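Hi,

Here is the structure I promised to pass on. My notes follow below it.

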Amino acid sequence: MLEVHNPADGSLVGHVHAGTEDDVNDAVRTSWEAFSLWSDTDPLDRSRILFSAARLVREDKKELSLLLTREQGKPLRESVNEIAGFARVLEYYASITGTLQGDYGYSKNYGHMMVMRQPLGVCAAIIPWNMPALIMGWKTGPVLAAGNTMVLKPSATAPLTCIALAEHLYRTGLPKQVLQLVTGSGRVVGQALARHNNIRSLSFTGAVSTGTGVAEIAAPTLKKLILELGGSDAMIVCKDADPYAAAKGAVSGRFFNCGQTCTSIKRVFVDSTVYEPFVQKVRELAETLSIGNGLSDGVDMGPVHTSGQRKDVHFLVQETVNNDQGKVLSGGYIPDTGSLKEGSFYPPTIMTGVDPDAPVMREEVFGPVLPVSAFDTVADAIDMANATRFGLGASIWTHDMRTISQATSELDAGIVWVNQHLRIPPEVPFGGVKSSGLGRENGRYALLQYLEEKTILINP
Ligand code: TXE
């Protein structure tokens, strides 16, 4: 059994089975048995099940959000939004189930040329702990809508909400074998999924090193891989940006989910002429955030998910200071007083004058640390934003059309926001370039990834 603890106070939230390779093999075998039933189910019936599950999830959002906060640590308000986000993704895929039918053409030479789209079969997913409900939705929504079956491994430290969400799907008529969860460690369950010869696709979200390891193991099986491997998103604040909106955007874009989001703002580049007032405003706003147990009223930021994760974050801050590559303006310490010492808390941390090569800029810092640097020209800012192995998201804050046009075309990222950051609607593709990964989630693009084209030529 694996224990699940609340990162705010270490209390036990629940237990899950420590899955084995045999559990994975059983799940894959029974998933194939369910495949013909589910893929033959009329798309409208699949759609009805997804819509009903979304409705049920919305009805139970209070209870589900409490569970999510208890196992993950985020403030209850964020959990409520994430549970609603899961429902929203199911609704989106329910609304497009069966719409990607295929193509047809006719030629004198070849006759009737048809392209049929068929589901792949058993698809697997390995998901992390930072947004377990939403990421589960991104992976199960398109897989199930396209008529595939799924075996999903939740994170070992936040599996309970995923289990509860799957139960909501079963309650609305989804056969249990169509969506199976195998809980356990990455080393055992995750690797068994990567290695399995009879899984047609694997969608993974997690660290670059884990994802490339998974890809290596999976390569000989030739399963389709979709990898979302995090980011080091840059925010570029130009001199004409609305200063208050930009400062607010930086604070919510970095400290939301305690900085543990793949598209959190992880590096800020500010025009040198507005640098000082911007930094002061960010500091003021960050210092009003209330940190504490996500279950308490009025809390804006919960703990870092594990103490190991907090140690990594603090190490990168200290290394940056020790190398003389940036200064801590606010935060940057491990709290050792009051109730904060019971959990893995870390204060909202602002670092200024940060060298773009500093550890907090170079690595993906998965915690509440906002490093800020000044720039002289937009071209310099774009170069600094692109000087990373990551390429998930980036934002530019300006109202100048020429700058918007330059930045949106030159930033190396899978998603570029203008005057906003961190918003991920289910209708449009989401994913990265460079080391941030392969493939896309969301939108009809994700649905297409879970369908295979079959060409049929009929000579009449
Ligand atoms: O991720 P892991 P961790 C980044 C972020 C964070 C770092 C480490 O920078 O600091 O990763 O977090 C499963 N074979 N992101 O350690 O290990 C694991 O059980 C197969 C960014 O939590 O990548 C979990 O289900 N699977 C990211 C999932 O992989 C394995 C979100 C992710 O865990 C495995 C999370 C293995 N050998 C972390 N080892 C994002 N893209 O947003 C582990 N797993």
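In what sense do strand 8 and strand 9 pair, and over how many bridges? The pairing of strand 8 (residues 201-205) with strand 9 (residues 224-228) is parallel, over 5 bridges; strands here are DSSP E runs of at least two residues, helices are H or I runs of at least four, both numbered from the N terminus, and pairing takes at least two DSSP bridges.

Before the rest, some housekeeping: this is a predicted model, with local features needing pLDDT of at least 70 and side-chain atom pairs pLDDT 80 or more, while totals for chains, interfaces and linings use all residues. Numbering runs from 1 along each chain as its sequence is written, and side-chain values use heavy atoms, leaving out hydrogens and water.

Back to the sheet: it is open, with 6 strands in the order 7-6-5-8-9-17 and mixed pairing. Strand 7 (179-181) and strand 17 (437-438) are its edges, each pairing on one side only.

Next, the helices. The axes (lines fitted to C-alpha atoms over the stretch in contact, with angles from 0 to 180 degrees between N-to-C directions) of helix 4 (residues 76-96) and helix 5 (residues 132-145) come within 8 Å and cross at roughly 10°. Helix 4 and helix 5 are therefore roughly parallel, a label for angles under 35 degrees.

As for cores (buried Ala, Val, Leu, Ile, Met, Phe, Trp, Tyr and Cys joined through side-chain atoms within 4.5 Å, buried being under 20% relative accessible area with a 1.4 Å probe, protein chains only), the largest has 56 residues. Helix 4 gives the largest share of this core, 9 residues.

Cheers

Terms used
Angles under 35 degrees count as roughly parallel, over 145 as roughly antiparallel, 65 to 115 as roughly perpendicular and the rest as oblique. Buried means under 20% relative accessible area, exposed over 50%, partly exposed in between (1.4 Å probe, protein chains only).
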